[in-house]
Amino acid sequence: MKIKIALCVALAVLLQATLRGIWDPFGHIDLPLVVVVYFALRRDPVQAVIIGTVAGLATDALSVGLLGANGFSKTLTAYVIAAVVTRVMLDNPLLRIPVIAGAAAVDELIYVFLHRLFAQTLPSPFAETTAYKVIWTTVAGTILCYALDRFFSDTAKQRRQFAFRRRIARRGVSSRRY
Amino acid sequence: MAIRTQKEVRERAPWWLVSLLALNLGLMSFYATDTATNKNVVGMWLGAAASFFQRPVSWVGGGSVGFFQYVGNLRHAATENEGLKQRLAEAEAELRDARAARDENERLKRLLEIREEADYEIVPARVIARDPSVWFNSLTVNRGSTSGIELNMPVATRDGIIGRVVGVSPVTAQVMLLTDERAAAGAVVGRLGESNALGSVRGLAEDGLLEMRFVSGLEPVKEGDYVVTTGQDGIYPPGLSVGIVVKITPGSATSPHEIRIKPSARLDSLEEVAVLQYKPPPRPAMDRTLPNVDKGKK
(Lines give C-alpha, C1' and ligand atoms only; values in the text may rest on other atoms or scores of the structure.)
Protein backbone atom coordinates (compact mmCIF):
# COMPACT_ATOMS: atom_id res chain seq x y z
CA MET A 1 0.00 0.00 0.00
CA LYS A 2 2.79 2.43 0.91
CA ILE A 3 4.51 1.80 -2.41
CA LYS A 4 1.23 2.47 -4.21
CA ILE A 5 0.80 5.74 -2.33
CA ALA A 6 4.40 6.78 -3.09
CA LEU A 7 3.88 5.98 -6.77
CA CYS A 8 0.65 7.95 -6.77
CA VAL A 9 2.35 11.01 -5.25
CA ALA A 10 5.32 10.76 -7.64
CA LEU A 11 3.01 10.47 -10.64
CA ALA A 12 0.96 13.48 -9.54
CA VAL A 13 4.07 15.66 -9.14
CA LEU A 14 5.57 14.58 -12.47
CA LEU A 15 2.28 15.09 -14.32
CA GLN A 16 1.94 18.51 -12.68
CA ALA A 17 5.25 19.60 -14.25
CA THR A 18 4.64 17.89 -17.58
CA LEU A 19 1.00 18.69 -18.36
CA ARG A 20 1.57 22.45 -18.15
CA GLY A 21 4.06 22.13 -21.00
CA ILE A 22 1.36 20.57 -23.17
CA TRP A 23 -1.37 23.12 -22.41
CA ASP A 24 -0.75 26.09 -20.12
CA PRO A 25 -4.15 26.11 -18.29
CA PHE A 26 -3.35 22.61 -16.97
CA GLY A 27 -0.96 24.45 -14.65
CA HIS A 28 -3.96 25.67 -12.65
CA ILE A 29 -4.75 22.10 -11.58
CA ASP A 30 -2.85 21.23 -8.42
CA LEU A 31 -2.63 17.44 -8.80
CA PRO A 32 -0.33 16.89 -5.76
CA LEU A 33 -2.85 18.79 -3.61
CA VAL A 34 -5.69 16.56 -4.82
CA VAL A 35 -3.67 13.48 -3.84
CA VAL A 36 -2.85 15.04 -0.46
CA VAL A 37 -6.53 15.85 0.18
CA TYR A 38 -7.60 12.37 -0.87
CA PHE A 39 -5.28 10.68 1.62
CA ALA A 40 -6.02 13.25 4.34
CA LEU A 41 -9.67 12.21 4.11
CA ARG A 42 -8.68 8.66 5.08
CA ARG A 43 -8.49 9.57 8.80
CA ASP A 44 -4.77 8.97 9.31
CA PRO A 45 -3.25 12.35 10.27
CA VAL A 46 0.34 11.06 10.43
CA GLN A 47 0.15 9.58 6.95
CA ALA A 48 -1.55 12.75 5.72
CA VAL A 49 1.15 15.14 6.95
CA ILE A 50 3.94 12.93 5.61
CA ILE A 51 2.29 12.75 2.18
CA GLY A 52 1.72 16.52 2.32
CA THR A 53 5.37 17.21 3.03
CA VAL A 54 6.69 14.80 0.41
CA ALA A 55 4.32 16.00 -2.33
CA GLY A 56 4.95 19.65 -1.49
CA LEU A 57 8.72 19.38 -1.36
CA ALA A 58 8.83 17.43 -4.62
CA THR A 59 6.72 20.13 -6.29
CA ASP A 60 9.00 22.83 -4.89
CA ALA A 61 12.08 21.01 -6.14
CA LEU A 62 10.80 21.20 -9.73
CA SER A 63 9.73 24.84 -9.40
CA VAL A 64 11.68 28.08 -9.20
CA GLY A 65 9.58 29.10 -6.18
CA LEU A 66 10.66 29.03 -2.55
CA LEU A 67 11.80 25.53 -1.54
CA GLY A 68 9.60 24.38 1.35
CA ALA A 69 6.66 26.73 0.71
CA ASN A 70 4.56 24.07 -0.97
CA GLY A 71 5.78 21.53 1.60
CA PHE A 72 4.64 23.77 4.44
CA SER A 73 1.28 24.69 2.92
CA LYS A 74 0.38 21.13 1.90
CA THR A 75 1.45 19.69 5.27
CA LEU A 76 -0.71 22.19 7.13
CA THR A 77 -3.65 21.72 4.76
CA ALA A 78 -3.39 17.93 5.10
CA TYR A 79 -3.33 18.14 8.89
CA VAL A 80 -6.33 20.48 9.04
CA ILE A 81 -8.37 18.18 6.79
CA ALA A 82 -7.27 15.05 8.69
CA ALA A 83 -8.13 16.72 12.01
CA VAL A 84 -11.56 17.83 10.79
CA VAL A 85 -12.40 14.49 9.16
CA THR A 86 -11.91 12.64 12.47
CA ARG A 87 -14.70 14.80 13.96
CA VAL A 88 -16.98 15.42 10.98
CA MET A 89 -17.91 12.90 8.30
CA LEU A 90 -16.45 14.41 5.11
CA ASP A 91 -15.44 11.39 3.06
CA ASN A 92 -18.48 11.52 0.84
CA PRO A 93 -18.37 12.17 -2.92
CA LEU A 94 -20.50 15.32 -2.65
CA LEU A 95 -18.78 16.72 0.42
CA ARG A 96 -15.41 16.22 -1.22
CA ILE A 97 -16.15 19.08 -3.64
CA PRO A 98 -16.17 21.88 -1.02
CA VAL A 99 -13.30 20.16 0.81
CA ILE A 100 -11.11 20.23 -2.32
CA ALA A 101 -12.12 23.83 -3.09
CA GLY A 102 -11.40 24.92 0.48
CA ALA A 103 -8.09 23.05 0.52
CA ALA A 104 -7.03 24.71 -2.75
CA ALA A 105 -7.86 28.15 -1.36
CA VAL A 106 -6.14 27.54 2.00
CA ASP A 107 -3.08 26.01 0.32
CA GLU A 108 -2.78 28.99 -2.00
CA LEU A 109 -3.21 31.53 0.79
CA ILE A 110 -0.49 29.89 2.88
CA TYR A 111 1.79 29.62 -0.16
CA VAL A 112 1.43 33.31 -1.00
CA PHE A 113 1.76 34.34 2.65
CA LEU A 114 5.03 32.40 2.99
CA HIS A 115 6.44 34.02 -0.14
CA ARG A 116 5.55 37.46 1.22
CA LEU A 117 7.03 36.49 4.62
CA PHE A 118 10.34 35.53 3.05
CA ALA A 119 10.31 38.58 0.75
CA GLN A 120 9.94 36.56 -2.45
CA THR A 121 8.05 38.09 -5.35
CA LEU A 122 5.17 36.26 -7.01
CA PRO A 123 4.82 37.32 -10.64
CA SER A 124 1.15 36.40 -11.17
CA PRO A 125 -1.83 38.46 -9.90
CA PHE A 126 -3.10 36.95 -6.64
CA ALA A 127 -6.90 37.02 -6.97
CA GLU A 128 -7.03 35.81 -10.57
CA THR A 129 -4.48 33.02 -10.11
CA THR A 130 -6.13 31.80 -6.89
CA ALA A 131 -9.61 31.84 -8.43
CA TYR A 132 -8.49 29.87 -11.48
CA LYS A 133 -6.62 27.39 -9.31
CA VAL A 134 -9.59 26.79 -7.01
CA ILE A 135 -11.97 26.22 -9.93
CA TRP A 136 -9.68 23.99 -11.99
CA THR A 137 -8.44 21.98 -9.01
CA THR A 138 -11.98 21.43 -7.71
CA VAL A 139 -13.26 20.16 -11.04
CA ALA A 140 -10.23 17.97 -11.78
CA GLY A 141 -9.93 16.88 -8.15
CA THR A 142 -13.52 15.65 -7.95
CA ILE A 143 -12.97 13.47 -11.00
CA LEU A 144 -9.54 12.33 -9.85
CA CYS A 145 -10.86 11.31 -6.44
CA TYR A 146 -13.30 8.96 -8.16
CA ALA A 147 -10.38 7.47 -10.07
CA LEU A 148 -8.34 7.10 -6.87
CA ASP A 149 -11.30 5.34 -5.22
CA ARG A 150 -10.86 2.55 -7.77
CA PHE A 151 -7.45 1.77 -6.27
CA PHE A 152 -7.49 2.86 -2.65
CA SER A 153 -11.06 2.78 -1.24
CA ASP A 154 -12.27 0.11 1.21
CA THR A 155 -14.79 -1.05 -1.39
CA ALA A 156 -12.01 -1.56 -3.92
CA LYS A 157 -10.03 -3.49 -1.32
CA GLN A 158 -13.06 -5.70 -0.59
CA ARG A 159 -13.63 -6.19 -4.30
CA ARG A 160 -10.04 -7.40 -4.72
CA GLN A 161 -10.40 -9.76 -1.75
CA PHE A 162 -13.65 -11.22 -3.07
CA ALA A 163 -12.17 -11.65 -6.54
CA PHE A 164 -9.28 -13.57 -4.98
CA ARG A 165 -11.67 -15.75 -3.01
CA ARG A 166 -13.78 -16.39 -6.08
CA ARG A 167 -10.67 -17.49 -7.98
CA ILE A 168 -9.76 -19.89 -5.18
CA ALA A 169 -13.31 -21.22 -5.03
CA ARG A 170 -13.43 -21.76 -8.79
CA ARG A 171 -10.13 -23.62 -8.68
CA GLY A 172 -11.54 -25.80 -5.89
CA VAL A 173 -14.65 -26.61 -7.93
CA SER A 174 -12.70 -27.42 -11.09
CA SER A 175 -10.22 -29.69 -9.23
CA ARG A 176 -13.14 -31.61 -7.74
CA ARG A 177 -14.78 -31.97 -11.14
CA TYR A 178 -11.73 -33.53 -12.75
CA MET B 1 6.12 -2.48 13.06
CA ALA B 2 3.67 -2.46 15.96
CA ILE B 3 0.04 -1.83 15.07
CA ARG B 4 -1.03 1.46 16.63
CA THR B 5 -4.54 2.36 17.71
CA GLN B 6 -6.36 5.28 16.16
CA LYS B 7 -5.96 7.21 19.43
CA GLU B 8 -2.18 6.72 19.42
CA VAL B 9 -1.97 7.89 15.82
CA ARG B 10 -3.97 11.02 16.66
CA GLU B 11 -1.74 11.74 19.66
CA ARG B 12 1.39 11.44 17.55
CA ALA B 13 0.07 13.52 14.64
CA PRO B 14 0.75 16.97 16.17
CA TRP B 15 4.38 16.01 16.81
CA TRP B 16 4.77 14.92 13.22
CA LEU B 17 3.08 18.09 12.09
CA VAL B 18 5.37 20.35 14.11
CA SER B 19 8.54 18.53 13.03
CA LEU B 20 7.58 18.52 9.35
CA LEU B 21 6.56 22.18 9.41
CA ALA B 22 9.87 22.99 11.11
CA LEU B 23 11.70 21.06 8.38
CA ASN B 24 9.90 23.05 5.69
CA LEU B 25 10.55 26.33 7.49
CA GLY B 26 14.24 25.44 7.78
CA LEU B 27 14.40 24.70 4.09
CA MET B 28 12.65 27.95 3.23
CA SER B 29 15.01 29.92 5.44
CA PHE B 30 18.03 28.30 3.83
CA TYR B 31 16.66 28.67 0.35
CA ALA B 32 15.53 32.26 0.73
CA THR B 33 18.99 33.41 1.81
CA ASP B 34 20.89 31.47 -0.86
CA THR B 35 21.15 33.95 -3.72
CA ALA B 36 24.40 32.65 -5.24
CA THR B 37 22.94 30.02 -7.57
CA ASN B 38 19.19 30.68 -7.32
CA LYS B 39 18.56 26.95 -7.19
CA ASN B 40 19.22 24.06 -4.82
CA VAL B 41 21.20 20.99 -5.77
CA VAL B 42 18.44 18.58 -4.68
CA GLY B 43 16.03 20.36 -6.97
CA MET B 44 18.39 20.08 -9.90
CA TRP B 45 18.94 16.38 -9.39
CA LEU B 46 15.23 15.75 -8.97
CA GLY B 47 14.76 17.73 -12.17
CA ALA B 48 17.24 15.49 -13.91
CA ALA B 49 15.48 12.37 -12.64
CA ALA B 50 12.09 13.77 -13.61
CA SER B 51 13.29 14.50 -17.14
CA PHE B 52 13.44 10.77 -17.90
CA PHE B 53 9.67 10.73 -17.35
CA GLN B 54 8.90 14.18 -18.77
CA ARG B 55 10.58 13.65 -22.13
CA PRO B 56 8.44 10.73 -23.31
CA VAL B 57 5.25 12.20 -21.78
CA SER B 58 5.81 15.57 -23.45
CA TRP B 59 6.51 13.76 -26.73
CA VAL B 60 3.38 11.60 -26.45
CA GLY B 61 1.36 14.50 -25.00
CA GLY B 62 2.03 16.72 -28.00
CA GLY B 63 0.61 14.00 -30.23
CA SER B 64 -2.31 13.37 -27.87
CA VAL B 65 -3.52 16.99 -28.05
CA GLY B 66 -3.61 16.75 -31.82
CA PHE B 67 -5.43 13.44 -31.57
CA PHE B 68 -8.18 14.81 -29.32
CA GLN B 69 -8.63 17.84 -31.57
CA TYR B 70 -8.99 15.46 -34.46
CA VAL B 71 -11.63 13.42 -32.60
CA GLY B 72 -13.54 16.64 -31.88
CA ASN B 73 -13.55 17.54 -35.57
CA LEU B 74 -14.90 14.13 -36.53
CA ARG B 75 -18.06 14.68 -34.45
CA HIS B 76 -19.17 17.40 -36.82
CA ALA B 77 -18.97 15.00 -39.74
CA ALA B 78 -21.71 12.67 -38.49
CA THR B 79 -23.33 12.31 -41.90
CA GLU B 80 -20.25 10.87 -43.52
CA ASN B 81 -20.00 7.12 -43.81
CA GLU B 82 -17.43 4.95 -42.04
CA GLY B 83 -15.31 4.40 -45.12
CA LEU B 84 -14.89 8.10 -45.74
CA LYS B 85 -14.11 8.66 -42.07
CA GLN B 86 -11.39 6.04 -42.24
CA ARG B 87 -9.85 7.59 -45.33
CA LEU B 88 -10.17 11.05 -43.85
CA ALA B 89 -8.52 9.88 -40.64
CA GLU B 90 -5.59 8.42 -42.55
CA ALA B 91 -5.24 11.51 -44.69
CA GLU B 92 -5.42 13.82 -41.70
CA ALA B 93 -2.95 11.74 -39.73
CA GLU B 94 -0.51 11.92 -42.61
CA LEU B 95 -1.15 15.62 -43.04
CA ARG B 96 -0.68 16.25 -39.34
CA ASP B 97 2.59 14.35 -39.31
CA ALA B 98 3.76 16.20 -42.41
CA ARG B 99 2.79 19.57 -40.96
CA ALA B 100 4.41 18.77 -37.64
CA ALA B 101 7.57 17.71 -39.46
CA ARG B 102 7.49 20.83 -41.63
CA ASP B 103 6.93 23.12 -38.64
CA GLU B 104 9.70 21.46 -36.71
CA ASN B 105 11.95 21.74 -39.73
CA GLU B 106 11.14 25.45 -40.03
CA ARG B 107 11.81 26.06 -36.36
CA LEU B 108 15.12 24.19 -36.44
CA LYS B 109 16.13 26.03 -39.61
CA ARG B 110 15.43 29.34 -37.93
CA LEU B 111 17.44 28.28 -34.91
CA LEU B 112 20.30 27.42 -37.25
CA GLU B 113 20.07 30.93 -38.70
CA ILE B 114 20.96 32.32 -35.28
CA ARG B 115 24.04 30.12 -35.28
CA GLU B 116 25.09 31.39 -38.68
CA GLU B 117 24.62 35.03 -37.66
CA ALA B 118 26.18 34.84 -34.21
CA ASP B 119 29.84 34.57 -33.26
CA TYR B 120 29.06 32.23 -30.38
CA GLU B 121 27.89 28.62 -30.31
CA ILE B 122 24.25 27.76 -29.80
CA VAL B 123 22.75 24.61 -28.34
CA PRO B 124 19.31 23.74 -29.73
CA ALA B 125 17.04 22.35 -27.01
CA ARG B 126 13.50 21.07 -26.70
CA VAL B 127 11.11 22.25 -23.99
CA ILE B 128 10.09 19.22 -21.93
CA ALA B 129 8.27 20.75 -18.96
CA ARG B 130 6.94 23.95 -17.46
CA ASP B 131 7.04 25.15 -13.86
CA PRO B 132 4.63 23.01 -11.78
CA SER B 133 3.60 26.10 -9.82
CA VAL B 134 1.30 28.37 -11.76
CA TRP B 135 2.82 31.37 -9.99
CA PHE B 136 6.13 31.17 -11.85
CA ASN B 137 7.21 31.33 -15.45
CA SER B 138 10.02 28.89 -15.97
CA LEU B 139 10.54 25.91 -18.21
CA THR B 140 12.78 22.88 -18.41
CA VAL B 141 14.77 22.02 -21.53
CA ASN B 142 16.38 18.72 -22.46
CA ARG B 143 19.98 19.95 -22.51
CA GLY B 144 22.22 20.30 -19.48
CA SER B 145 25.79 20.71 -18.37
CA THR B 146 26.91 17.75 -20.50
CA SER B 147 25.90 19.82 -23.56
CA GLY B 148 27.93 22.77 -22.33
CA ILE B 149 25.11 24.73 -20.74
CA GLU B 150 26.00 26.89 -17.76
CA LEU B 151 24.17 29.13 -15.33
CA ASN B 152 22.99 32.52 -16.64
CA MET B 153 23.40 31.60 -20.30
CA PRO B 154 20.82 33.45 -22.43
CA VAL B 155 18.06 31.49 -24.15
CA ALA B 156 16.42 32.70 -27.35
CA THR B 157 14.39 31.76 -30.38
CA ARG B 158 14.74 33.25 -33.85
CA ASP B 159 12.14 35.85 -32.85
CA GLY B 160 14.03 37.13 -29.83
CA ILE B 161 15.28 36.42 -26.33
CA ILE B 162 13.08 34.42 -23.97
CA GLY B 163 15.07 34.21 -20.73
CA ARG B 164 18.16 32.87 -19.03
CA VAL B 165 19.33 29.61 -17.47
CA VAL B 166 18.80 29.57 -13.70
CA GLY B 167 19.56 25.93 -12.95
CA VAL B 168 21.58 23.21 -14.63
CA SER B 169 21.67 19.46 -14.13
CA PRO B 170 23.72 17.09 -16.31
CA VAL B 171 20.82 16.47 -18.71
CA THR B 172 18.35 19.31 -18.17
CA ALA B 173 18.36 23.05 -17.58
CA GLN B 174 15.80 25.32 -16.00
CA VAL B 175 15.09 28.55 -17.83
CA MET B 176 13.49 31.57 -16.18
CA LEU B 177 11.37 33.37 -18.76
CA LEU B 178 11.67 37.09 -19.30
CA THR B 179 8.03 37.51 -18.21
CA ASP B 180 8.96 36.45 -14.67
CA GLU B 181 9.11 39.47 -12.40
CA ARG B 182 12.56 38.44 -11.18
CA ALA B 183 14.04 38.36 -14.69
CA ALA B 184 15.53 41.48 -16.23
CA ALA B 185 17.59 42.55 -19.24
CA GLY B 186 19.35 45.71 -20.34
CA ALA B 187 17.66 47.08 -23.46
CA VAL B 188 17.32 50.08 -25.73
CA VAL B 189 14.34 51.38 -27.71
CA GLY B 190 15.32 51.75 -31.34
CA ARG B 191 18.62 50.96 -32.99
CA LEU B 192 21.55 49.92 -30.85
CA GLY B 193 24.26 52.60 -31.04
CA GLU B 194 21.90 55.25 -32.39
CA SER B 195 19.28 55.61 -29.69
CA ASN B 196 19.84 56.83 -26.14
CA ALA B 197 16.55 55.41 -24.82
CA LEU B 198 18.36 52.94 -22.59
CA GLY B 199 16.59 51.10 -19.79
CA SER B 200 15.92 47.83 -18.06
CA VAL B 201 13.25 45.33 -19.15
CA ARG B 202 11.57 43.07 -16.62
CA GLY B 203 8.50 40.85 -16.39
CA LEU B 204 5.06 42.06 -15.43
CA ALA B 205 2.26 40.13 -13.77
CA GLU B 206 -0.23 41.03 -16.49
CA ASP B 207 -1.03 39.68 -19.95
CA GLY B 208 2.48 38.38 -20.63
CA LEU B 209 3.81 41.90 -21.16
CA LEU B 210 7.19 43.33 -20.16
CA GLU B 211 7.90 46.62 -18.44
CA MET B 212 10.77 48.88 -19.49
CA ARG B 213 12.04 51.12 -16.73
CA PHE B 214 14.50 53.97 -16.33
CA VAL B 215 14.10 55.33 -19.89
CA SER B 216 14.61 59.08 -19.74
CA GLY B 217 11.42 61.04 -20.28
CA LEU B 218 13.27 63.29 -22.72
CA GLU B 219 13.98 60.46 -25.19
CA PRO B 220 11.53 60.17 -28.11
CA VAL B 221 9.72 56.81 -27.82
CA LYS B 222 6.52 55.82 -29.59
CA GLU B 223 4.27 52.78 -29.88
CA GLY B 224 5.53 50.25 -32.39
CA ASP B 225 9.21 50.93 -31.72
CA TYR B 226 11.45 47.89 -31.50
CA VAL B 227 13.38 47.09 -28.33
CA VAL B 228 16.72 45.28 -28.51
CA THR B 229 19.25 44.12 -25.93
CA THR B 230 22.27 46.28 -25.16
CA GLY B 231 24.53 43.63 -23.62
CA GLN B 232 25.19 45.83 -20.61
CA ASP B 233 23.56 43.34 -18.22
CA GLY B 234 26.40 40.88 -18.72
CA ILE B 235 23.98 38.08 -19.66
CA TYR B 236 22.39 38.76 -23.07
CA PRO B 237 24.44 39.54 -26.19
CA PRO B 238 23.77 42.96 -27.72
CA GLY B 239 21.39 43.43 -30.63
CA LEU B 240 18.89 40.62 -29.96
CA SER B 241 15.22 41.46 -30.27
CA VAL B 242 13.28 41.81 -27.02
CA GLY B 243 9.91 43.01 -28.26
CA ILE B 244 7.84 45.89 -29.49
CA VAL B 245 6.48 48.90 -27.58
CA VAL B 246 2.70 48.52 -27.22
CA LYS B 247 1.90 51.18 -24.64
CA ILE B 248 3.68 54.28 -23.41
CA THR B 249 2.90 56.80 -20.71
CA PRO B 250 5.18 59.73 -21.59
CA GLY B 251 7.57 60.93 -18.93
CA SER B 252 9.11 64.37 -18.45
CA ALA B 253 12.48 65.91 -17.67
CA THR B 254 12.21 64.60 -14.12
CA SER B 255 10.30 61.33 -14.58
CA PRO B 256 11.01 58.38 -16.87
CA HIS B 257 8.65 56.97 -19.50
CA GLU B 258 6.37 54.10 -18.47
CA ILE B 259 6.73 51.61 -21.29
CA ARG B 260 4.96 48.28 -21.88
CA ILE B 261 6.52 45.83 -24.32
CA LYS B 262 5.09 42.80 -26.04
CA PRO B 263 7.79 40.12 -26.28
CA SER B 264 8.73 39.29 -29.86
CA ALA B 265 9.15 35.59 -29.02
CA ARG B 266 5.92 33.66 -28.45
CA LEU B 267 6.53 32.64 -24.87
CA ASP B 268 3.27 30.74 -24.45
CA SER B 269 3.96 28.18 -27.15
CA LEU B 270 7.64 27.36 -27.03
CA GLU B 271 8.79 24.01 -28.32
CA GLU B 272 12.37 24.45 -29.47
CA VAL B 273 14.73 27.06 -28.10
CA ALA B 274 18.40 27.93 -28.51
CA VAL B 275 20.72 28.24 -25.55
CA LEU B 276 23.39 30.76 -26.49
CA GLN B 277 26.85 29.88 -25.21
CA TYR B 278 27.61 33.56 -24.95
CA LYS B 279 30.39 34.77 -22.73
CA PRO B 280 30.12 38.51 -22.05
CA PRO B 281 33.35 40.46 -22.51
CA PRO B 282 35.20 40.92 -19.20
CA ARG B 283 34.53 44.23 -17.56
CA PRO B 284 37.54 46.41 -16.79
CA ALA B 285 38.54 46.29 -13.16
CA MET B 286 37.30 49.21 -11.12
CA ASP B 287 39.94 51.80 -10.29
CA ARG B 288 39.95 51.69 -6.52
CA THR B 289 42.93 53.98 -5.95
CA LEU B 290 42.10 57.18 -4.17
CA PRO B 291 43.84 60.12 -5.84
CA ASN B 292 43.85 62.16 -2.66
CA VAL B 293 45.62 59.39 -0.76
CA ASP B 294 48.29 59.21 -3.47
CA LYS B 295 48.75 62.93 -3.31
CA GLY B 296 49.15 62.71 0.44
CA LYS B 297 51.93 60.12 0.09
CA LYS B 298 53.83 62.33 -2.34
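I began with Phe39(A), which is buried, at a relative accessible area of 0%; buried means under 20% relative accessible area, exposed over 50% and partly exposed in between, with a 1.4 Å probe and protein chains only. I note that this is a predicted model, in which local features need pLDDT of at least 70 and side-chain atom pairs count only at pLDDT 80 or more, while totals for chains, interfaces and linings use all residues. Residues are numbered from 1 along each chain as its sequence is written, chains are lettered from A in the order in which they are written, and side-chain values use heavy atoms, leaving out hydrogens and water.

I next looked up Tyr120(B) and Tyr278(B), which form an edge-to-face aromatic pair, 5.5 Å centre to centre with 70° between the planes; rings of Phe, Tyr and Trp (its six-membered ring) pair if their centres lie within 6.5 Å, and planes under 30 degrees apart count as stacked, over 60 as edge-to-face and the rest as tilted. Tyr120(B) lies in the loop between helix H3 (82-117) and strand E1 (122-130) of chain B, and Tyr278(B) in the loop between strand E12 (272-276) and helix H4 (291-297), so the pair ties together parts 158 residues apart in sequence. Helices (H or I, at least four residues) and strands (E, at least two) are DSSP runs, numbered from the N terminus.

How many residues of helix H2 of chain A are buried? I found 10 of the 10 (residues 31-40), so this helix is largely enclosed by the rest of the structure.
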